[in-house]
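Me: I would like to go through this model with you, one topic at a time. Please keep the answers plain.

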Amino acid sequence: MLKSHCSAFLNILYPKNCHICSRIFDRHTAAYDDNICSSCYSTMKKTAPEAVQAPLSAPYERLLSCYHYEGAVRELIHKFKYDSRPYLAKTIEKLMHETLSEMGTSLFADVDYFVPIPLYPARAREREFNQSELLARILSTRHRKPCTLALRRNKNTRPQAVLSEHDRQTNIQGAFGLNYLPVKDKNIALVDDVVTTTATVQEAARILKEAGAKKVWVLAFAKG
Ligand SMILES: [Zn+2]
């Protein structure tokens with residue numbers, strides 16, 4: 001009771017607003033959660049489940065992406081990653097969870113480990129967090145399966161989206177290494193915030209498969 005009075009009072013002093021459109025949450029603005037409003041949420045476009053099957057040559061079994069990387073989704077990711085707002089991981093994971101539940105995937109029952117796509121250490125220091133690791137940790141808590149930092153980044157790759165197809169391959173080759181080998185015969189959910197080209201997740205999945213991982217599913221919040 002006291003707590004709800006306190007938070008009502010704090011909301012008057014410091015009104016919460018949507019991190020995407022900046023609208024203040026009041027009785028005219030419905031909130032999706034603490035961080036985004038319902039009208040921004042309603043503009044987010046979900047990925048069709050049939051679009052997420054892996055190509056035959058891919059080293060992962062499935063790529064499950066939840067939203068198209070555009071509009072409010074793109075804005076949310078930018079605020080999260082480049083504007084130092086790690087707490088937005090909670091909103092993003094909630095959006096992922098709802099979409100994945102709607103897809104009716106039974107994947108989480110079979111997952112042994114959540115493994116985030118690692119950042120190069122210098123880049124992680126600069127940003128102060130690895131966005132994929134934050135998402136993997138929340139997913140891990142929700143599904144009660146461990147999050148393991150099995151992969152490490154060996155090189156500071158250039159952003160894949162700006163490169164040609166050929167340069168993407170050479171850019172990402174040798175980018176990942178294994179920290180240790182808990183992955184043999186395990187099913188891995190490889191977590192990334194955005195998949196633009198699939199070269200990065202393909203390379204990471206290849207390393208995991210080479211180390212004996214049984215299945216690798218890629219889970220991404222958005223697909224570009
Ligand atoms: Zn909004």
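Me: How much area do domain 1 and domain 2 bury between them?

Reply: This is a predicted model. In it, domain 1 and domain 2 bury about 880 Å² between them, and 58% of that area is on carbon and sulfur atoms.

Me: Which residues in domain 1 lose the most area to domain 2?

Reply: They are His19, Ile20 and Tyr32, which together account for 62% of what the domain 1 side buries.

Me: And what is the make-up by class of the side of domain 1 that touches domain 2?

Reply: That side has four nonpolar residues, two polar residues and one charged residue.

Me: How many salt bridges and how many residue pairs in polar contact are found across that interface?

Reply: The rule finds zero salt bridges between domain 1 and domain 2. It does find five residue pairs in polar contact across the interface, with both residues at pLDDT 80 or more.

Me: Where does the domain assignment place the two domains?

Reply: Domain 1 is assigned to residues 1-40 and domain 2 to residues 44-223. The contact takes seven residues from domain 1 and 12 residues from domain 2.

Me: How far apart are their C-alpha centres?

Reply: The C-alpha centres of domain 1 and domain 2 lie 30 Å apart.

Me: Changing topic: how many salt bridges does the structure hold?

Reply: The structure holds 12 salt bridges. One of them joins the side chains of Lys45 and Glu70, with an N to O distance of 3.2 Å.

Me: Where in the chain do those two residues sit?

Reply: Lys45 is in the loop between helix H2 (38-43) and strand S1 (62-68), whereas Glu70 is in the loop between S1 and helix H3 (71-82). The pair links distant parts of the chain, the residues being 25 apart. Glu70 counts as partly exposed, at 35% relative accessibility.

Me: Which residue forms a salt bridge with Glu61?

Reply: The partner of Glu61 is Lys209, and their closest N and O atoms are 3.0 Å apart.

Me: Are Glu61 and Lys209 buried, partly exposed or exposed?

Reply: Glu61 is partly exposed, at 31% relative accessibility. Lys209 is also partly exposed, with a relative accessible area of 25%.

Me: What about Arg137, and which residue does it form a salt bridge with?

Reply: Arg137 pairs with Glu133, the closest N and O atoms being 3.0 Å apart. Both residues lie in helix H7, four residues apart, which is about one turn of the helix. Arg137 has a relative accessible area of 37% and is partly exposed. Glu133 counts as partly exposed at 22%.

Me: Which residues do salt bridges that share partners join into one network?

Reply: Glu203, Arg206 and Glu210 are joined in that way.

Me: Last topic, Ser140: which helix is it found in, and is it buried or exposed?

Reply: Ser140 is found in helix H7, which covers residues 131-143. Ser140 is buried because its relative accessible area, 12%, is under 20%.

Me: What does the side chain of Ser140 reach, and which residues does Ser140 touch?

Reply: The side chain of Ser140 reaches the backbone oxygen of Lys145 at 2.8 Å. Not counting residues up to four places away in sequence, Ser140 touches Phe114, Lys145, Pro146 and Cys147.

Notes: Residues numbered from 1 in each chain as written. Predicted model: local features only at pLDDT ≥ 70, side-chain atom pairs only at ≥ 80, totals over all residues. Heavy atoms only, no water. Domains from an automatic or database assignment. Contact = heavy atoms within 4.5 Å. Buried area = accessible area lost by both parts, 1.4 Å probe. Salt bridge = Lys/Arg side-chain N within 4 Å of Asp/Glu carboxyl O. Polar contact = N/O pair within 3.5 Å; in protein donor to acceptor, adjacent residues only side chain to side chain. Nonpolar A, V, L, I, M, F, W, Y, C, P; charged D, E, K, R; others polar. Buried < 20%, exposed > 50% of the residue type's maximum accessible area, 1.4 Å probe, protein only.
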